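Keep the view open as you read.

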Amino acid sequence: MYMNIVYLLTNLDKKEGEKRFYIGSKTESRLEVIDGLSTIIDIKTERPYLGSATDFTMKQDLINRNRFSAEILHIVKERKDLLNIENEEINKRNAVNSFEYYNLSYAIIGGITYDHEAVINFFG
């Protein structure tokens with residue numbers, strides 16, 4: 001069975017006090033344990049999914065093979081609600097403004113942000 005989820009990734013290789021997290025969402029996915037780690041699987045590719053973060057340090061941590069564990073924060077029935085629920089979690093944890101999180105911005109789709117107070121540049 002597949003799910004639309006809002007998830008929390010935790011970098012397990014960071015020391016206590018330096019822990020790093022990422023909040024994201026994924027459609028058509030499932031959670032399974034691989035090598036002892038709770039992992040999101042994209043059901044279209046059957047491959048592990050580690051988010052779409054643009055943060056340079058998270059990309060470096062992935063290249064350096066840091067281990068990330070996934071936790072489902074919400075199972076979202078309606079796909080259309082996914083980004084709003086993800087943004088609620090990001091906002092609740094102040095993830096965009098916290099060094100503990102890799103999140104650099106609120107969730108977006110098609111270049112339009114769901115943070116309705118943010119300025120949108122429609123001209124690129």
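Find helix H2, residues 82-92, where Leu82, Leu83, Glu86, Asn87, Glu89 and Ile90 are buried. Buried here means under 20% relative accessible area, exposed means over 50%, and partly exposed is in between (1.4 Å probe, protein chains only). Look down the axis of H2 and the buried residues fall within an arc of 160°, so they line one face of the helix; the arc is that of the directions from the helix axis to the C-beta atoms. An α-helix has 3.6 residues a turn, so residues three or four places apart point the same way. Just after H2, Asn94 takes a positive phi of about 50°.

A word on what you're looking at: this is a predicted model, in which local features need pLDDT of at least 70 and side-chain atom pairs count only at pLDDT 80 or more, while totals for chains, interfaces and linings use all residues. Residues are numbered from 1 along each chain as its sequence is written, and side-chain values use heavy atoms, with hydrogens and water left out.

Now zoom out. The protein chain has two helices and seven strands, in the order β-β-β-β-α-β-α-β-β along the sequence. Helices (H or I, at least four residues) and strands (E, at least two) are DSSP runs, numbered from the N terminus. Of the 124 residues, 39% count as buried. Among contacts (heavy atoms within 4.5 Å) between residues at least 6 apart in sequence, 58% join residues at least 24 apart.

Next, the pockets. A pocket is an open set of points on a 1 Å grid over the protein atoms alone, where a 1.4 Å probe fits, with protein on both sides within 12 Å along at least five of seven lines; lining residues have an atom within 4 Å of a point. About 440 Å³ of space lies in the largest pocket. Of its 24 lining residues, Ser25, Leu83, Glu86, Ala107 and Ile108 are the closest to its centre. So what supplies the lining of the largest pocket? Strand E2 (21-34), H2 and strand E6 (108-109) each give at least two residues, and E2 has the largest share, with five.

The second largest pocket holds about 260 Å³ of space. Its lining includes Ile34, Asp35, Arg65 and Phe68.

Technical notes. Grid points are joined across faces, edges and corners, and a volume is the space filled by probe spheres set on the points.
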